[in-house]
Amino acid sequence: SPAEMPPPTSENRGPAYVGDSVVKGNAQISIMTVKVAPVTLLDQLTQQTEKSTDVVMAVQIRINNLSDTSALDYASWAGQPKGYKRDFGEVIDQDNNGYQRRMYGENTIPVGRLTNTSIAPGTAATDILLFKRPPANVQYLDLMLPGENIGSHDIITFRITADVIEK
């Protein structure tokens with residue numbers, strides 16, 4: 001008789017939704033909030049904060065380290081301002097339109113942004129990713145995160161439905 005198929009997992013059943021979590025190795029990833037609003041920016045040189053003059057989509061992500069013994073290396077899915085690697089999250093809508101990540105300059109980041117960090121065993125970290133504001137009539141957005149940022153080879157996909165976007 002043929003071998004039974006394993007139960008479905010997030011890797012083979014399509015995208016996860018806001019409220020779900022995806023486990024890759026020792027990393028458990030979930031979306032905390034999705035907001036369309038101005039964001040508070042931090043100038044890393046002067047430590048001054050100010051509100052952005054534009055409205056963006058801010059996605060807050062939580063990364064739990066499920067290991068009891070090993071730290072989890074995390075490189076922000078915001079990506080590096082300068083670089084040739086695809087180390088950043090990407091967003092597309094139901095019509096395959098892309099939404100660019102929003103950057104504010106080399107030394108200016110949104111409050112809540114992580115850069116490269118090590119998440120201690122049994123703890124969690126949050127990060128914030130910024131993208132161009134989607135239109136009001138968007139049905140859903142797919143956020144694709146490269147697994148390399150947490151030591152995986154898979155792409156992690158979350159579907160953000162219009163009803164969970166806070167305005």
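**View 1. Residue classes lining the largest cavity of the predicted model.** The lining of the largest cavity has seven nonpolar, one polar and three charged residues; Ala, Val, Leu, Ile, Met, Phe, Trp, Tyr, Cys and Pro count as nonpolar, Asp, Glu, Lys and Arg as charged, and the others, Gly among them, as polar. The lining residues are Trp77, Ala78, Phe88, Gly89, Arg101, Arg102, Met103, Arg113, Leu129, Leu130 and Phe131. The volume of the largest cavity is about 40 Å³, and one cavity of 30 Å³ or more is found in the whole structure. On a 1 Å grid over the protein atoms alone, a cavity is a set of points where a 1.4 Å probe fits but cannot get out; lining residues have an atom within 4 Å of a point. Grid points are joined across faces, edges and corners, and a volume is the space filled by probe spheres set on the points.

This is a predicted model, in which local features need pLDDT of at least 70 and side-chain atom pairs pLDDT 80 or more, while totals for chains, interfaces and linings use all residues. Residues are numbered from 1 along each chain as its sequence is written, and side-chain values use heavy atoms, with hydrogens and water left out.

**View 2. The largest pocket.** The largest pocket has a volume of about 240 Å³. Of its 15 lining residues, Thr33, Lys35, Ala58, Val111 and Ile128 are the closest to its centre. Strand E3 (27-37), strand E6 (56-65) and E12 each give two or more residues to the lining, which divides into seven nonpolar, five polar and three charged residues. A pocket is an open set of grid points with protein on both sides within 12 Å along at least five of seven lines.

View 3. Aspartate 127 lies in strand E12 (residues 124-132); strands are DSSP runs of at least two residues, numbered from the N terminus. Aspartate 127 is buried, with a relative accessible area of 0% (buried: under 20%, 1.4 Å probe, protein chains only). Its side chain makes a polar contact with the side chain of serine 76 at 2.6 Å; such a contact is a pair of N or O atoms within 3.5 Å, one able to donate a hydrogen and the other to accept it, and residues adjacent in sequence count only if both atoms are side-chain atoms.

**View 4. Strands E8 and E13.** Strand E8 (residues 90-93) and strand E13 (residues 140-146) run antiparallel, joined by four bridges; pairing requires at least two DSSP bridges. Aspartate 93 stands opposite leucine 141 in E13.

Definitions and conventions
Buried < 20%, exposed > 50% of the residue type's maximum accessible area, 1.4 Å probe, protein only.
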